Amino acid sequence: MATKKANPLMDRIKEEFPRKLQLLYSVSPEEASDKQVYHVLSSIIVEILGAKRQSFINHTNSVGGKQIYYLSMEFLMGRSLKTSIYNLELADGIKTMLKQYDINLDKIYEHEPDAGLGNGGLGRLAACYLDGLATMGFPAMGYSICYEYGIFQQKLEDGWQTELPDNWLPGGSVWLVPKPELSIDIHFEGDLQEYWDNQYHYISHVNYNTVVATPYDLYVSGYGGDGVSVLRLWSAKAPNFNMEMFNKGRYEEALAQNSIANAISKVLYPNDNHLEGKSLRLRQQYFLCAASIGDIVNSHMNVYGTLENLADKVAIHINDTHPTLAIPELMRILLDDCGYSWEKSWDIVIRTFAYTNHTVMAEALEKWDVNLVKTVIPRIFSIIVEINNRYCQSLMERNGGDSAKTTRMSIIKDNQIHMATLCVAASHSVNGVSKLHSEIIKQSVFHDEYENTPEKFKNVTNGIAYRRWLYQSNPELTALLKDTIGPKFIKDGSELEKFRQFQDDEEILTRLAEVKKANKEAFAKYVKNSSDIILNTDSIFDVQVKRLHEYKRQHLNVMNILTDYAYLLNNPDAPFTPKTYIFAAKAAPGYYLAKQIIKMIWAISEEIRKNPRISQKLSVVFLENYCVTLSEHLMPASDVSEQISLAGTEASGTGNMKLMLNGAITLGTLDGANIEIKEACGDDNIVIFGMTTPEVNDLRARGYNPVDYYNNDGRIREAIDRMYHGINGCTFHDVANSLKDRDPYMVLADFDSYRNAQQYITECYNDKLRWAKMSLNNIAGAGIFSADRAVTEYADNIWYLR
């Protein structure tokens, strides 16, 4: 029998653990509280990762390797301790070590708050890419803001979403390594002075207000290699306190200066439906960009002493439009601080930057008011104006004097700066995040730009840090996979394809069904403990978890539930496969209709719960405060993955990939990455419904009239009328009116097709072996959606790292 090779890291941890407990808390392991154990264990892992990162980056610099810097306003990291322990392959060793002190490692994990520095898919993707980059050995650093309060804690009070502050730092700060010596001064407001000296044109920025950006590093481990990524988070502080003003009794003024600076890193995404919120969000974006670009330039200069080779040694990636101001900021440094010519600076910028677009929604493509930008960051504004003037001039030549086309493509129009247009103009690569999305970008959003520079436009389908949702979160399935295909899939997702050879093996299919049942039992126990809700584990777990937004169509799901409910009210004894609909979602604080939909889901769940006969067959659950950790518990237990956005609206999705990996069957439209999921798992192992993107566009062009569906389909009419008349004593006129009169995301047009798909998926589920075979084919096809694959495509085709 092969003996397990010794892990030198484990020896170090065994030695450090009691020593550090004694040093920091004067307790032995037997006396230590779980919280003390969490802090000490985390600090040891941070030291291990810090040393590993140092030698990794020293090696990169010694061979002159290119580095990738990934700028994102969001990094939804979740918890670090469990992931780091698993990625360092220390889970079994630490479990055994703690057991001898009678400490339960699973309980220790619970003391870490989720680092909720993100809102949804965008931030989770960025987090997954740091994991993938480290695993694949690419030297990478992410940049974001050290928000004191992350995405809000969601509490439902009588069904209404209320937002509580998410103060994650007390438990999370053990993962942050302060680097005050790398602080950077950021300049806001002020005046510009221009002068000439011997044919040189100088611009000087004076009378500005300074904010100091101080970095905190969070290490992100990769799996099974030498790589470690760093997420550098910037905290904002006033440079100093105005004692003179304070001493003169002008207390409020003295404190106000500080509070404006400190507000920048206070909270993720201030509500921006008012001018103050817009101004703060613009400050956040420039603060992130100026600090990060300053830091990149400083560290490059430390290694090479020149910026001539910046584009050869540095790739800067803009994740969506929030970090767009990095482009004019690098121009500012090259022009004002280094004295490069405009042409030389622009050449460096274009070769350095690449941009990922994440949305085709017009309202989500950021635009900033010219006067606001001019006031808050005057020098950056003047550079954007110059970029636009030169860009439009070159477009006029290229477009053969077509001024209408040039106006359409202008970065500044209608008194607004169009950030996505600036990104496309200043990047050497623009990519979408699924095959369909990348095509839509070329055909509609950036069609003119695509015609001008087709070589810029690329696709990289999103990927997930799949080990978190499989190896870490689903030990039962991991064990089954190891027994059937061996352990290589943990490092290489493409190995999962080998599982397909068991699709007709009755014994393995039965074991797979048993794994799912065990996971449902475990999840039901978790939900019972955390929210006192009892789940029927013999029912189908039909899951829709994601941000709450009309285009994701949670209300289509609701329409179907209301129709089932009406049927059971009329036929309580009818045969009906028990079904539990599980929702989890946060709505943006200012998004009134989304909050109404949450309240409506809650009201349905309450009304059904009060009917004992119906609730045996049908139940609805809304889980509060959806976050990475909740997702890790839920994904392994899910049967059906609801991916029901209107075709042509979801860029990609990543929750769909996590659910597929855990063997859930996708019930979805041909939208985002669902199309590639269908290719990967096979047509028989996914249930597709609804219009395609061309059909949606065609119906829109012909004139879509939702009230016709309301008048002609009794089920639709009954469901919408129930919203008017009351569910659990609450009426939902706004949701009902929106569906009947406007229905911007064509819920009613897809309703009949969705009903049929729901019936079909229930039929499949009732044939146990067939369902297990569908599930197995989903797991086997999920390897392509690994973040390891995605970052390798970026490295090869966009960043040219090799």
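My entries follow, starting with ground rules.

**Ground rules.** I'm working on a predicted model, where local features need pLDDT of at least 70, side-chain atom pairs count only at pLDDT 80 or more, and totals for chains, interfaces and linings use all residues. Residues are numbered from 1 along each chain as its sequence is written, and side-chain values use heavy atoms, with hydrogens and water left out.

**Domains.** I looked up the bounds, which come from an automatic or database domain assignment. Domain 1 is given as 64–79 + 114–179 + 214–233 + 269–367 + 425–462 + 792–798, and domain 2 as 529–785. I noted 32 Å between their C-alpha centres.

**Where they touch.** Counting contacts (heavy atoms within 4.5 Å), I get 32 residues of domain 1 against 39 residues of domain 2. The buried area is about 2900 Å², and carbon and sulfur atoms give 57% of it. Buried area here is the accessible area (1.4 Å probe) that two parts lose on being put together, summed over both.

How many salt bridges are there between domain 1 and domain 2? I find four, taking a side-chain nitrogen of Lys or Arg within 4 Å of a carboxyl oxygen of Asp or Glu. I also jotted down the salt bridge of Lys155 with Glu624, at 3.6 Å from N to O.

Polar contacts came next: 17 residue pairs link domain 1 and domain 2, both residues at pLDDT 80 or more. The rule is a pair of N or O atoms within 3.5 Å; within protein, one must be able to donate a hydrogen and the other to accept it, and residues adjacent in sequence count only if both atoms are side-chain atoms.

On the domain 1 side, the elements giving two or more residues are strand E2 (75–78), helix H6 (121–135), strand E5 (153–157), strand E6 (160–164) and helix H18 (435–445). I took helices (H or I, at least four residues) and strands (E, at least two) as DSSP runs, numbered from the N terminus.

E5 and E6 pair antiparallel over five bridges; for me two strands pair if DSSP finds at least two bridges between them. Leu156 has Gln161 in E6 as its bridge partner. Two residues sit between the strands of this hairpin, and Asp158 takes a positive phi near 55 degrees.

**Six-strand sheet.** I read the order of this open sheet as E22-E21-E20-E23-E24-E25, with parallel pairing. The edges are strand E22 (618–622) and strand E25 (687–688), each pairing on one side only. Between E20 (residues 540–545) and E21 (residues 579–584) I see six bridges, and Asp542 stands opposite Tyr581 in E21.

**Three-strand sheet.** This open sheet runs E15-E17-E16 and is antiparallel. Strand E15 (367–369) and strand E16 (412–413) each have a single partner strand, so one side of each is left without a neighbour in the sheet. E15 joins E17 (residues 416–418) through three bridges, with Asp369 opposite Gln416.

**Salt bridges overall.** My total comes to 48. One I wrote down is Asp217 with Arg232, whose closest N and O atoms are 2.7 Å apart. Asp217 lies in strand E11 (residues 209–221) and Arg232 in strand E12 (residues 228–237), so the pair ties together parts 15 residues apart in sequence.
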